[in-house]
Amino acid sequence: MNQNTATLRERVTGATCTLCRKHYTDLDLLTCPSCGEKGILDITFDYDVIRKSLTREMLKSNPDKTIWRYLPLLPVEGTDAGRMLQIGGTPLYRSERLEKAWGLGALYIKDDGLNPTGSLKDRASGVAVLRAHELGYETISCSSTGNAASSCAGNAARLGLKTVIFVPERAPEGKLAQLLIFGAKVVSVIGDYKATFDLSKAAIEHYGWYNRNAGINPVMSEGKKTVSLEIAEQLNFEPTDWVACSVGDGCTIGGVYTGFKDLYELGLISRIPRILGVQSTGCQPFVDAAKADGVLIPAEENTLADSIAVGVPRNPVKALRAPKASGGTWISVSDEDILDMMRELGRNEGVFGEPAGVTATAGVKAAIAAGIIGKGETVTTISTGSGLKDVRNALLAAGKPTRLEPSLAALEASGLLG
Ligand SMILES: *Cc1c(COP(=O)(O)O)cnc(C)c1O
Ligand SMILES: [Zn+2]
């Protein structure tokens with residue numbers, strides 16, 4: 001960590017409401033006091049102060065590869081950051097085979113499934129758990145389709161905080177197993193994600209726990225923005241023309257935009273990439289809203305990509321802003337396209353993503369076919385979660401192994417080796 005980092009109060013000036021634009025100097029508001037729950041906040045920074053402690057040279061000489069190398073841009077004090085799980089510093093692979101096959105100038109895959117609990121959610125949970133700890137909370141709670149929950153539980157366990165987690169019944173077993181192993185109190189809600197979210201909200205208010213709900217707590221997209229800070233740094237501060245990510249609640253894509261925006265404000269990059277938001281055709285409220293002037297209509301949650309099966313997204317303002325403000329757009333892909341991409345990324349690159357993890361890359365392929373992404377353009381796709389979390393869907397994508405009698409003759413006769 002950087003010794004010269006300014007204090008939280010010096011770096012962070014407060015928060016602005018994305019609806020009424022009112023600015024507050026309170027550092028730990030969850031939502032706008034005058035707009036209520038829909039008044040999602042943007043945390044605001046003093047870029048003049050940050051510019052002094054976040055230069056290319058300082059980053060280059062910093063041996064810390066975790067998200068805390070960007071502490072000046074994170075809304076935490078950071079004193080205990082060194083005690084946390086090692087979040088971030090995930091690889092950015094160039095995919096020469098796929099870029100050639102798809103006619104791109106370059107294709108990079110950011111494998112965020114390699115975070116400590118196996119998803120990009122660790123970036124948000126790390127910041128939230130550290131902030132909860134700094135504020136003296138003993139229990140942190142959230143509702144989640146799975147990954148937010150398991151990352152919250154894992155990161156909290158590391159710092160000795162308790163977690164109460166609300167998940168919808170359909171959460172995959174791998175994610176449930178993680179939660180239980182990390183010692184969370186797990187409530188499996190009989191109902192969909194909306195019902196799960198509503199119960200967690202009532203319980204958090206009733207018991208006074210720290211609220212890690214991604215749609216609401218503005219700290220979440222700040223944590224997630226570190227993925228863009230890393231992508232930019234890994235590309236020598238010349239990000240690709242496009243950056244694609246899959247979208248559920250909308251917090252991730254909001255953070256992806258914020259990260260590039262911060263770097264632009266700091267003068268560290270000279271343009272913000274176009275952001276491509278990707279959903280499944282089985283649950284595409286944002287794709288529909290973007291076509292309808294931003295009017296969001298609750299959608300069914302009818303996709304095997306459980307992490308982005310969010311029919312009533314909680315962070316619409318930040319999500320819709322990202323493609324719009326960056327000159328990007330939205331696209332959806334079928335569950336079949338998603339399963340195909342699980343195989344394609346696995347076979348071509350050795351990257352094993354969960355369905356929502358490979359959705360962005362499936363979206364890039366579709367956007368090329370639709371003429372949205374042009375020949376020769378450069379693209380980064382974010383693989384948001386590990387395929388090991390959801391082995392059932394992986395097997396659906398991959399098929400079955402060849403079952404044989406233990407003899408060479410049987411192997412020869414099987415046709416497996418061609
Ligand atoms: C949560 C999640 C997303 C989507 O993030 P949102 O903030 O809900 O839009 C995408 N992929 C994976 C693997 C996730 O866990
Ligand atoms: Zn407001």
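Reader: How do the residues lining the largest pocket divide into nonpolar, polar and charged?
Author: This is a predicted model. In it, the lining of the largest pocket has 10 nonpolar residues, 1 polar and 3 charged.

Reader: How much space lies in that pocket?
Author: About 340 Å³. The lining has 14 residues, and those closest to the centre of the pocket are Lys38, Leu296, Pro313, Arg314 and Pro316.

Reader: Now cavities. How many of 30 Å³ or more?
Author: The count comes to 3. The largest cavity holds about 300 Å³ of space.

Reader: Which residues are closest to the centre of the largest cavity?
Author: Lys121, Lys224, Asp249, Thr252 and Ser307. They are among the 30 residues that line the largest cavity.

Reader: And how does the lining of the largest cavity divide?
Author: Into 11 nonpolar, 14 polar and 5 charged residues.

Reader: Which elements give two or more residues to it?
Author: For the lining of the largest cavity, they are β6 (139-143), α6 (147-159) and α11 (251-265). Helix α11 gives the most, with 3 residues.

Reader: Let's stay on α11. Where does Thr252 lie?
Author: Thr252 lies in helix α11. As noted, Thr252 is one of the residues closest to the centre of the largest cavity.

Reader: Is Thr252 buried or exposed?
Author: Buried. Its relative accessibility is 12%, and the cut-off for buried is under 20%.

Reader: What does Thr252 touch?
Author: Leaving out residues up to four places away in sequence, Thr252 touches Leu120 and Lys224. Lys224 is also among the residues closest to the centre of the largest cavity.

Reader: Tyr257 next. Which helix is that in?
Author: Tyr257 is in helix α11. Tyr257 has a relative accessible area of 9%, so it counts as buried.

Reader: Which residues does Tyr257 touch?
Author: Ile272, Ile275, Arg321, Ala322, Ala325 and Ser326. That list does not count residues up to four places away in sequence.

Reader: Where does Asn236 sit?
Author: Asn236 is in the loop between α10 (226-234) and β10 (242-246). At 55% relative accessibility, Asn236 counts as exposed.

Reader: And what about phi of Asp293?
Author: Asp293 has a positive phi too, about 55°, although it is not a glycine. Asp293 is in the loop between α12 (285-291) and α13 (316-326).

Reader: Is Asp293 buried or exposed?
Author: Exposed. The relative accessibility of Asp293 is 77%, and exposed begins over 50%.

Reader: Where is Glu173?
Author: Glu173 is in helix α7, which covers residues 173-181. With 59% relative accessibility, Glu173 counts as exposed.

Reader: How many Å apart are Glu173 and Leu339 in space?
Author: 19 Å, C-alpha to C-alpha. In sequence, Glu173 and Leu339 are 166 residues apart.

Reader: Asn348. Which helix, and what does it touch?
Author: Asn348 lies in helix α14, residues 335-349. Not counting residues up to four places away in sequence, Asn348 touches Arg97 and Leu98.

Reader: How many residues apart in sequence are Asn348 and Thr402?
Author: Asn348 and Thr402 are 54 residues apart in sequence. C-alpha to C-alpha, the two are 21 Å apart in space.

Reader: Zoom out. How many helices and strands does the chain have?
Author: The chain has 17 helices and 13 strands. Its radius of gyration is 21 Å, close to the 22 Å that the globule rule gives for 418 residues, so the chain is as compact as a globular protein of that length.

Reader: What does the C-alpha trace span?
Author: About 75 × 45 × 45 Å along the principal axes.

Reader: What share of the residues count as buried?
Author: Of the 418 residues, 58% count as buried. The chain exposes about 17200 Å², and carbon and sulfur atoms supply 52% of that area.

Reader: Last one. Among contacts between residues at least 6 apart in sequence, what share join residues at least 24 apart?
Author: 71% of those contacts in the chain.

Definitions and conventions. Residues are numbered from 1 along each chain as its sequence is written. Chains are lettered from A and ligands numbered from 1 in the order in which they are written. This is a predicted model: local features need pLDDT of at least 70, side-chain atom pairs count only at pLDDT 80 or more; totals for chains, interfaces and linings use all residues. Side-chain values use heavy atoms; hydrogens and water are left out. On a 1 Å grid over the protein atoms alone, a cavity is a set of points where a 1.4 Å probe fits but cannot get out, and a pocket is an open set with protein on both sides within 12 Å along at least five of seven lines; lining residues have an atom within 4 Å of a point. Grid points are joined across faces, edges and corners, and a volume is the space filled by probe spheres set on the points. Ala, Val, Leu, Ile, Met, Phe, Trp, Tyr, Cys and Pro count as nonpolar, Asp, Glu, Lys and Arg as charged, and the others, Gly among them, as polar. Helices (H or I, at least four residues) and strands (E, at least two) are DSSP runs, numbered from the N terminus. The radius of gyration is taken over C-alpha atoms; the globule rule is 2.2 Å times the number of residues to the power 0.38. Buried means under 20% relative accessible area, exposed over 50%, partly exposed in between (1.4 Å probe, protein chains only). Contact means heavy atoms within 4.5 Å. Accessible areas come from the Shrake-Rupley method with a 1.4 Å probe; for residues, only the protein chains shown count as cover.
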